[in-house]
Amino acid sequence: MTATYAIDFETYYDKEVSITTAGAYAYLRDPACEIYMVSIVGPDYEYVGSPKAADWARIADARWVAHNYSFDGMVVEKLREDGVIPDAVRPSDWNCTANLSVYNHAPRNLGGAAKQLLGLDLDKGMRSWMKGRTWQEAVAGGKAEALMEYALLDSRACIAIWDKYAGEWPEMEQWYSRHTISMGWRGVPTDMAMLETSIAKLQQAKWYAQTNMPFYTSGAKGLSFPAFHKCCRDAGILPPASTAKDDPECAIWEAKHSDIPWVRHMRDWRRANVALARLLKMRDRTRADGTCPFNFKYYGGHTGRWAGDTGLNLQNQNRDVLVYDGDSGFTE
């Protein structure tokens, strides 16, 4: 019977240096991202500490599981690049207990999964405390032992979920889980010339739209609410209850008053802003080989469907070509 080992890494993160901001591949290659700890739990080996001191050969050819294989598997490949994990040290197979958990209708996060599937309460406060702190700062703050114990408890919970529920996870579903992750690692080819041209056109569209919005101000929403409400009063119309880009009532309001030029420009600015943000993320995440890695969540919805992840949802891109023509706005 193949031995199974749970593996969990701890890495530096803050508001800017994060998977959501950069995607896992670029995040792990940020100079500020230190892979400072690994915890390994299995039938005959338990270790927590620096990845450089782990006995990786001891778990070669065994099954490895992680409670976010999509990330932890990429960490392993980064450590191979750095010469920390020998290239010859490979698992017999990898599996993801986060995906196993959601298949069993439990939360994806380890704390929620452990609570529902094992009846365990995991204190995740240590992870929150480490935000913006390095391993050296944890040592200086007297938190080293608490952090190591936190990491070990996570790996123990991970392997306990696997041992208890893996038999209820069909082989085909396990294949879908692994394939979804490896597909994202491979990424999609990016036409950088077209991408740069599209970014430039969207930046131009945003600029033109905002110069024709009397209430424009820099920021995520692109408008000053007092000035926006004054424009509505001057035009004799009621402002929408919400200006959120995904609010259907606001979309109805924009369509109803599209005969007013600044309403059309406001709609165009928001549309250009959303499309531009997506393309900038694709550009920033595209690797030297011209591929853009991405993440899908296996069983991302209660129906079992896939869902986007890490701030770049390739399932939510424009199907048709967008054309922008000043006052005429966007057409497809």
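At what angle do helix α3 and helix α9 pack, and how far apart are their axes? I'll start there. This is a predicted model, so please hear every value as computed from that prediction.

Helix α3 covers residues 69-81 and helix α9 covers residues 171-186; they pack at an angle of about 50 degrees, and their axes are 10 Å apart. Angles from 65 to 115 degrees would count as roughly perpendicular and those under 35 as roughly parallel, so α3 is oblique to α9. The crossing of α3 past α9 is right-handed. On the α3 side, the contact is made by Y69, S70, G73 and M74; on the α9 side, by R178, I181 and W185. By type, the residues of this contact are four nonpolar, two polar and one charged.

Staying with α9 for a moment, S177 belongs to this helix. Is S177 buried or exposed? Its relative accessible area is 1%, which means that S177 is buried. Leaving out residues up to four places away in sequence, S177 touches C96, N99, W169 and Y298.

In soluble globular proteins, nonpolar side chains tend to be buried together. In this model, the largest nonpolar core has 34 residues, and I7, F9, I40, W56 and W64 are those with the most contacts inside it. Two or more residues each come from β1 (4-11), α2 (24-28), β2 (35-41), β4 (63-66), α3 and β5 (93-96). Which element gives the most? That is α3, with six residues.

Setting aside neighbours within four places in sequence, F9 is in contact with I35, M37, V38, P51, W56, D72, V75, V76 and L79. Apart from this core lies another one, of 31 residues, and V102, A151, I161 and W162 are among them.

Helix α10, residues 192-211, packs with helix α13, residues 261-285, at an angle of about 150 degrees, the axes being 9 Å apart. Since anything over 145 degrees counts as roughly antiparallel, α10 is roughly antiparallel to α13. This crossing is left-handed. The α10 residues in the contact include L195, I199, L202 and A205, and those from α13 include W269, A272, L276 and L280. The whole contact divides into 14 nonpolar, five polar and four charged residues.

What does F330 touch, beyond residues up to four places away in sequence? The list is L202, A205, D268, R271, A272, L322, V323 and Y324. Of these, L202 and A205 are also among the α10 residues that meet α13, while D268 and A272 are among the α13 residues that meet α10. F330 itself is in strand β11, residues 330-331. Its relative accessibility is 13%, so F330 counts as buried. F330 and A205 are 125 residues apart along the chain, with their C-alpha atoms separated by 9.2 Å.

Last, the chain as a whole. There are 13 helices and 11 strands. The C-alpha atoms fill a box of roughly 75 × 40 × 40 Å along the principal axes. Of the 332 residues, 45% are buried. Among contacts with a separation of 6 or more, 66% are between residues 24 or more positions apart.

Technical notes: Residues numbered from 1 in each chain as written. Predicted model: local features only at pLDDT ≥ 70, side-chain atom pairs only at ≥ 80, totals over all residues. Heavy atoms only, no water. Axes fitted to C-alpha atoms, helices over the stretch in contact; angles between N-to-C directions. Helix = DSSP H or I, 4+ residues; strand = E, 2+ residues; numbered from the N terminus. Left-handed = near helix turned anticlockwise from the far one by under 90°. Contact = heavy atoms within 4.5 Å. Nonpolar A, V, L, I, M, F, W, Y, C, P; charged D, E, K, R; others polar. Core = buried A, V, L, I, M, F, W, Y, C linked by side-chain atoms within 4.5 Å. Buried < 20%, exposed > 50% of the residue type's maximum accessible area, 1.4 Å probe, protein only.
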